[in-house]
Amino acid sequence: MKRFVAFRPFCAFSALWLFVGAGLPSSLLADPLQQDTPFQGRFMHRILFSVGSGYATGKQNVMTESGQAWMINSVLNSANSAQPVVLPAGEGQGSRYFPDRTILGYSYGDRFDVNYRRSTVDQKFDRSGSPAVLFLYPGNATYATSLFEGVRLMRFRHDSRFYEFGYFHRWTDKLRAGPVVAYHTYIEDLLISYGSYTLRSSAAATDPGLLTWAQGGDARLKYDMKGTAFGAGLKWDPLNSFRLTYHLYLINRSGNVSGGGYQLIQDRNQSGIESSRIEGLYQMGSASDKGMMHRIEAEYNYCRWSIAMGLERESWKRSYSSFNFLSNQSRDVSSKGNLIGLGEMSASSEGYRTELYLRVGVSAYFGDVAAPVIKKQEVVEEKAPEPAKKEEVAPENGVTDESSKYLNNVFDSIQKDYNEQGEVLEQTEKSFRALGIEVKKEVNEKGQTVNLQATIDGDISFKTGSAELTPKALEVVDKFGDAMNANPNTVSRVHGHTDTPGSKEGNRRLSQRRAESVRTALIQRKGIAASRILEVKGFADDRKIVQTNASEPRNRRTVIIIEYRK
């Protein structure tokens, strides 16, 4: 069983990386994706502040360690006290509480993440509903058999902090994965009532009716631990503005244990006369936790606002390298601890926490890659609007009546396909327009068709700032791929265009990536030979339809040009 527990982290990591690597297209190796992607399609930097609350169930180690530790200690104590060995009546109950969460995070290009995560709890329990560990006192010739309360948790305070850094590699347009490391601090502050309950039997030589119990007073037990956590994370964007994340951490923390308090011990003899005494106790030692934490989260983003729901599960095993327990009174029962805490150090105990939470956040974005770059002291002169440039010009070498007729037939077949589906909005002899696309003939002065041009609206064909083709754009690519398959003497060129806002180089890279996406779709979806795609080029804003430096949808487009080659 221990071998299996130790093997679980390895299994988890193996499954994670197999999931990441499985089924990735081999083209990613030759044509890697752009790793830094802007937030909201234009910002490279994001700062997130988020707060939330959750509902958690868990079990603190004091509930799982007390039974075994007290039993071992009572075996050692019974050697000189003549008291029976106490037996735990099952494991302590779990508890329910409501943590608060805070996140302050920074991300660059959605690739490098630096986060501060904090979870705090301050939960008080009443005696009727608090977790407790019960013990059976078997009794002997001197002591009566009884059931008594050994440990009761009255208050649970917890402060867990992660200072984490993550690198998320972009494997596909929708999936990122990579390693995560963190420095972790953990404080567990418990308020505990240590009880005892002993009734001597009538066979006892001295005061046979003495009844002893702990009525009041609490002891504080505090764990102050620090350590590291390392693991892996996933980011998956199945839909626009919706993200699923998963984190796996292996946690290793250690630190000091300290605490102290008092209890009011009351005695009552067979005549009903009661007497009281104060017992002081102090405990200290060193402990370490080793465990694993899983976190899965679904997040929805709208502009600067976000809302997320998550599930977090943490489990750990605690062991003591030292533990001491001191008291100024000896109880009339086998109780918690002996001087050197052999029971506590003899075995490890397990704790766990499962939390369902909801959080809301607001983000600040900066580093606008779409902002126009203006040089200092640059004087912009007013110019008269330039005449619109001809959309695309292809070489007319080899244009014949045969090639013109061939291209006209291709045009007619594509137009017929759109008409049969009822998608044509308007049409003329040389062009037609459907939702998100315009197809037209480029005709020379002789009236011969030089090429066909399909212009796909940029706002319909691609997500903002992305080179991922939308389903509507793929419909258009599929239609032209079918036309090329049906007409083997056709070749194509693919040109990408943007409008002016943003850096020139950034727009050039984006337009190039978009043109390459169309080329890849023609090859992978329709089986078009790469040799039939003669040119794939991004022009940024060099070939505007509308002469303006402002944002202009008509300038954001992708063009597929079909030509005749025999």
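In helix α5, the buried residues (under 20% relative accessible area, with exposed meaning over 50% and partly exposed in between, using a 1.4 Å probe on protein chains only) are Ser 403, Ser 404, Tyr 406, Leu 407, Val 410, Phe 411, Ile 414, Gln 415 and Tyr 418. This is a predicted model, so to speak of local features a pLDDT of at least 70 is needed, side-chain atom pairs count only at pLDDT 80 or more, and totals for chains, interfaces and linings use all residues. Residues are numbered from 1 along each chain as its sequence is written, and side-chain values use heavy atoms, with hydrogens and water left out.

Helix α5 covers residues 401-420, 20 residues in all, and spans 28 Å from its first C-alpha to its last. That is close to the expected 28 Å at 1.5 Å a residue, where the expected span is 1.5 Å times one less than the number of residues. An α-helix has 3.6 residues a turn, so residues three or four places apart point the same way. Just after α5 comes Gly 422, with a positive phi of about 70°.

Zooming out, the protein chain has eight helices and 23 strands. Both kinds of element are DSSP runs numbered from the N terminus: helices are H or I with at least four residues, and strands are E with at least two. Of the chain's 566 residues, 47% count as buried. As for contacts (heavy atoms within 4.5 Å), residues 24 or more positions apart account for 75% of those with a separation of 6 or more.

Next up are the nonpolar cores, meaning sets of buried Ala, Val, Leu, Ile, Met, Phe, Trp, Tyr and Cys residues joined through side-chain atoms within 4.5 Å. The largest has 33 residues, and Tyr 418, Ile 437, Phe 480 and Val 518 have the most contacts inside it. Two or more residues each come from α5, β18 (431-434), β19 (437-443), β20 (449-457), α7 (471-486), α8 and β23. Helix α7 gives the most to this core, with seven residues. Setting aside residues up to four places away in sequence, Phe 480 touches Ile 414, Ile 437, Val 439, Ala 454 and Ile 562. A second, separate core of 30 residues includes Trp 70, Val 121, Phe 135 and Tyr 194.

Eight of its eight residues are buried, so β21 is largely enclosed by the rest of the structure. In a regular strand the side chains alternate between the two faces of the sheet. Here, Thr 490, Ser 492, Val 494 and Gly 496 point one way, while Val 491, Arg 493, His 495 and His 497 point the other. Two strands count as paired if DSSP finds at least two bridges between them. With β23 (residues 557-564), β21 pairs in the antiparallel sense over eight bridges, and Ser 492 has Ile 562 as its bridge partner there. With β22 (residues 533-538), β21 runs parallel, joined by five bridges; in this case Arg 493 is partnered by Glu 535. Together, β21, helix α8 (residues 504-526) and β22 form a right-handed β-α-β unit, right-handed meaning that, with the strands pointing away from the viewer, the path from the first strand over the helix to the second runs clockwise.

Then there are the charged pairs. Side chains of opposite charge can pair when their charged atoms come close. A salt bridge is a side-chain nitrogen of Lys or Arg within 4 Å of a carboxyl oxygen of Asp or Glu, and the whole structure has 39 of them. One joins Arg 556 to Asp 499 at 2.4 Å, N to O. This pair links distant parts of the chain, with Arg 556 in the loop between β22 and β23 and Asp 499 in the loop between β21 and α8, 57 residues apart. Both of these residues, Arg 556 and Asp 499, are buried.

Another salt bridge pairs Glu 188 with Arg 318, their closest N and O atoms being 3.6 Å apart. Glu 188 sits in strand β9 (residues 175-194) and Arg 318 in strand β15 (residues 305-327), so the pair ties together parts that are 130 residues apart in sequence. Glu 188 and Arg 318 are both buried. They also belong to a salt-bridge network whose members include Arg 101, Arg 253, Asp 289 and Glu 355.
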